Amino acid sequence: MLIYTKQSVPMLSVQPKGKQKGCAGCNRKIKDRYLLKALDKYWHEDCLKCACCDCRLGEVGSTLYTKANLILCRRDYLRLFGTTGNCAACSKLIPAFEMVMRARDNVYHLDCFACQLCNQSWQTQSQVSSGTVLPRL
């Protein structure tokens, strides 16, 4: 059974001297000025990293994602496990990590989001005039 959790990663002051915590990542005592608490464990700032991209999770935000025994940043969680949808214009699959345009309840690839009247893409349209850009239907 795969379980998804979204965890908060608060940055905390180090506990009083003599009561140093052990790091869940490297198992060494945390002597740094700051430490992270995530998944009910304590971590060095350098040890709490995304399993995919190796980014330091304390630097990229205040949340982390866990699934299938992986600790992930938001971007990699969405890339690996995020839900996908279909573009309202072309009906092709839109991966969870891809940038999209939204209009009301519809979602579009960036390239598919275009003016209904002239069929120009939103990027071209915004350069030509400041007119209203509508999604292609």
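Let's start with D46, which is partly exposed in this predicted model, at 46% relative accessibility. That label applies because the value falls between the 20% cut-off for buried and the 50% cut-off for exposed. The side chain of D46 meets that of R56 in a salt bridge, with 2.7 Å from N to O. Where do D46 and R56 lie? Both are in the loop between strand 4 (41-43) and helix 1 (57-60), so their pairing ties together parts that are ten residues apart in sequence.

R56 has another partner too. It is partly exposed, with a relative accessible area of 27%, and it also forms a salt bridge with E59, where the closest N and O atoms are 3.3 Å apart. E59 itself is exposed, at 56% relative accessible area. Through shared partners, then, D46, R56 and E59 are joined into one network. How many salt bridges does a search of the whole structure find? The count is two.

Now for the nonpolar side of things. In soluble globular proteins, nonpolar side chains tend to be buried together. Here the largest nonpolar core has 13 residues, and the ones touching the most other members are W43, L48, C50, L57, L64 and I71. Strand 3 (34-38), strand 5 (63-67) and strand 6 (70-72) are the elements giving two or more residues to this core.

Leaving aside residues up to four places away in sequence, W43 touches C23, A24, G25, I30, L35, L36, A38, L48 and I71. There's also a second, separate core, made of six residues, including C87, I94, A103 and C112.

Notes
Residues are numbered from 1 along each chain as its sequence is written. This is a predicted model: local features need pLDDT of at least 70, side-chain atom pairs count only at pLDDT 80 or more; totals for chains, interfaces and linings use all residues. Side-chain values use heavy atoms; hydrogens and water are left out. A nonpolar core is a set of buried Ala, Val, Leu, Ile, Met, Phe, Trp, Tyr and Cys residues joined through side-chain atoms within 4.5 Å. Buried means under 20% relative accessible area, exposed over 50%, partly exposed in between (1.4 Å probe, protein chains only). Helices (H or I, at least four residues) and strands (E, at least two) are DSSP runs, numbered from the N terminus. Contact means heavy atoms within 4.5 Å. A salt bridge is a side-chain nitrogen of Lys or Arg within 4 Å of a carboxyl oxygen of Asp or Glu.
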